[in-house]
Amino acid sequence: MKDARVRYWLSVGGSVAAGLLLSVIVRINATLGTRIGELEATLVVHLVGTAFALLVVAPWLGPQFWAELGERSWPELSGGAISVAMVVVANYVVPVLGTAVAVTLFVAGDLLFSTVSDQRGWMDVVRVRISRRRLLGLLLAFVGAVLVHT
């Protein structure tokens, strides 16, 4: 029981940290995009990310990883392509809207997709039913996005 609670709170803290990093990378990438071009910055960001992953992550991967990777479906492998699209969009919109508004709108869209995918249990992730309380929280988050935007 204690291990589950520790893992839960580490997951909450990690999620908040990831949200903070999202705002940092969106700002950094958009700034690079204003200097060298939005598409060019997208390429550079992903080349640097790939090099970093090869240096830091790849040495930890064993033969089991490569065997398992060959068994994955295309939707499971599409995250990299979606990431490129996300960075391109962010590189164009952040200089226009500002980091806070852009990230707030990203989160609003993320919440919409996340709620639907949790409800449906897509991609074999934990299925989370939409309760009235959760729906109210989602509505308040969207209201917050509108207030930040205006």
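Leaving aside neighbours within four places in sequence, which residues is Val26 in contact with? The answer is Ala90, Val94, Val103 and Phe106, where contact means heavy atoms within 4.5 Å. This is a predicted model, in which local features need pLDDT of at least 70 and side-chain atom pairs count only at pLDDT 80 or more, while totals for chains, interfaces and linings use all residues. Residues are numbered from 1 along each chain as its sequence is written, and side-chain values use heavy atoms, with hydrogens and water left out.

**Confidence**
- The chain averages a pLDDT of 90 (the predictor's confidence in each residue, from 0 to 100).

**The core**
- Val26, Ala30, Ala90, Val94, Ala102, Val103 and Phe106 make up the largest nonpolar core (buried Ala, Val, Leu, Ile, Met, Phe, Trp, Tyr and Cys residues joined through side-chain atoms within 4.5 Å).

**Helix H4**
- Val87, Val88, Ala90, Asn91 and Val94 are buried in H4 (under 20% relative accessible area, 1.4 Å probe, protein chains only).
- The buried residues of H4 pack against H1, H2 and H5.
- Just after H4, Gly98 takes a positive phi of about 95°.

**Thr42 in H2**
- Thr42 is found in helix H2 and counts as buried because its relative accessibility is 4%.
- Not counting residues up to four places away in sequence, Thr42 touches Val84, Val87, Val88 and Asn91.

Notes
Buried means under 20% relative accessible area, exposed over 50%, partly exposed in between (1.4 Å probe, protein chains only). Helices (H or I, at least four residues) and strands (E, at least two) are DSSP runs, numbered from the N terminus.
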